[in-house]
Amino acid sequence: MQHLKKGILVLLASVLLFGLAACSSSKETGGSGGKKVLTVSVEEVYKPYVESIKEGFEKENDVTVKIVEKPMFDQLEALPLDGPAGNAPDVMLAAYDRIGGLGQQGHLLEVKPSDTKSFGDKEMQQVTVGGKVYGIPLVIETLVLYYNKDLLKTPPKTFNELEDLTKDKRFAFSSEKGKSTAFLAKWTDFYMSYGLMAGYGGYVFGADGTDSGDIGLNNKGAVEAVEYAEKWFSEYWPKGMQDNTSADDFIQQTFMDGKAAAVIGGPWSASNYKEAGLNYGAAKIPTLPNGKEYAPFAGGKGWVASKYTKEPELAEKWLQYAANDENAYRFYEDTNEVPANLAARKKAGEQKSELTSAVITQYETATPTPNIPEMAEVWTGAESLIFDAAAGKKSAQQSADDAVRVIKENIKEKYVK
């Protein structure tokens, strides 16, 4: 009996040791026939693109690329918890304005790009914080002007032309006498109105968006911009344009119904206009009354790697591979999103797409969205900046001053030690 017990114990020990060895071997080889595994997280819409380029990377690096489908912002929100737990992907896409915060908080891998000449200073600025690079640019994004080609032969070049359009009876708003829907823009939304404020000399943070102690949203130029916005709300637009929750739906429906000649919107709106059968065009946003250019936020997204990846070298190689000249242009072909890569962007600009050309042209005057963590306080603090003035609750100066005060107080409370 004793011999039987000993035999069973030896057998169990052998099985346990074999199992541990097998687990250890699987971990070392990545569980894929001896090859390392690189996990790439993208939204479902981008999966075909990753499928189309991963084979080349796998052959070059003797690795298996595993694709995980997850919405971008969900993935970024989960990284601080999933990373330490070992559940985060190796690489993923990230909006530029999220890269700085995640990088500074220690969740993104710092990268040393071998080639930054493929990108402009504006592109690299959006993946850099505190002098450290945390990603490789992939896509550029900014607001543009959409116009109805059945109503306008050419896009308006100035805001004075847009004001003249409000006199056109075709765009009279029947429910409110004297009001017009000729041109519409959701200026109660800070993201949409910032280009107006920047064009008049306002700014979020000083030192190219890195000095949160210097806020320029209540300087002389910013207040002039708010006053100009007030003019549109009080003299031209229907009262419903003041409603931040429903204004966008009103703008989109009015434009698609052919009752607005022009609207300000993002590249993401184009698919809806196309689906609605609208004969639309895209162009640079008109010059402001002060002779300056509208300067909306410059945004987009880039490739980033998790700080928690066990394959940092492979992850960095993917970042540069997936954003190189050839693959950045392939991404444009698949998605119609304008490349950050300069060579790919030049090629995209030659394809005679009005929207692509409009984004490229407008991007030249666009301001990189600050990517430091303090930017989160600006979105909330400036939420009602123009609304309060447009609704007649406060003067332009008071509205701007109050917004800046809230932003400063929140930054002091959360970030200043």
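Reader: At what angle do helix α14 (residues 342-349) and helix α15 (residues 354-363) pack, and how far apart are their axes?

Author: Two packed helices are described by the angle between their axes and the distance between the axes. Here α14 and α15 pack at an angle of about 130°, with their axes 9 Å apart, where axes are lines fitted to C-alpha atoms over the stretch in contact and angles run from 0 to 180 degrees between N-to-C directions. That makes α14 oblique to α15, the class left over once angles under 35 (roughly parallel), over 145 (roughly antiparallel) and 65 to 115 degrees (roughly perpendicular) are set aside. This is a predicted model, in which local features need pLDDT of at least 70 and side-chain atom pairs count only at pLDDT 80 or more, while totals for chains, interfaces and linings use all residues. Residues are numbered from 1 along each chain as its sequence is written, and side-chain values use heavy atoms, without hydrogens and water.

Reader: Which residues of α14 and α15 meet?

Author: Arg345, Ala348 and Gly349 of α14 meet Thr356, Ser357, Ile360 and Tyr363 of α15, contact being heavy atoms within 4.5 Å. By class, this contact has three nonpolar, three polar and one charged residues, and α14 passes α15 in a left-handed crossing.

Reader: How do helix α2 and helix α12 pack?

Author: Helix α2 (residues 47-61) and helix α12 (residues 312-322) have axes 11 Å apart, at an angle of about 130°, and are therefore oblique to each other. The crossing of α2 past α12 is right-handed. Tyr49, Val50, Ile53, Lys54, Gly56, Phe57, Glu60 and Asn61 of α2 make the contact with Leu314, Lys317, Trp318, Tyr321 and Ala322 of α12, and these residues divide into eight nonpolar, two polar and three charged.

Reader: Into which domains is the chain divided?

Author: An automatic or database domain assignment supplies the bounds, giving domain 1 (35-139 + 297-366) and domain 2 (143-294 + 372-413). Their C-alpha centres lie 30 Å apart, and the contact takes 13 residues from domain 1 and 23 residues from domain 2.

Reader: What is the mean pLDDT of the chain?

Author: The mean pLDDT, the predictor's confidence from 0 to 100, is 91, and 92% of the residues reach 70 or more. Over residues 1-31, however, the pLDDT is below 50, and this stretch has six contacts in the model beyond near neighbours in sequence.

How values were computed: Helix = DSSP H or I, 4+ residues; strand = E, 2+ residues; numbered from the N terminus. Left-handed = near helix turned anticlockwise from the far one by under 90°. Nonpolar A, V, L, I, M, F, W, Y, C, P; charged D, E, K, R; others polar.
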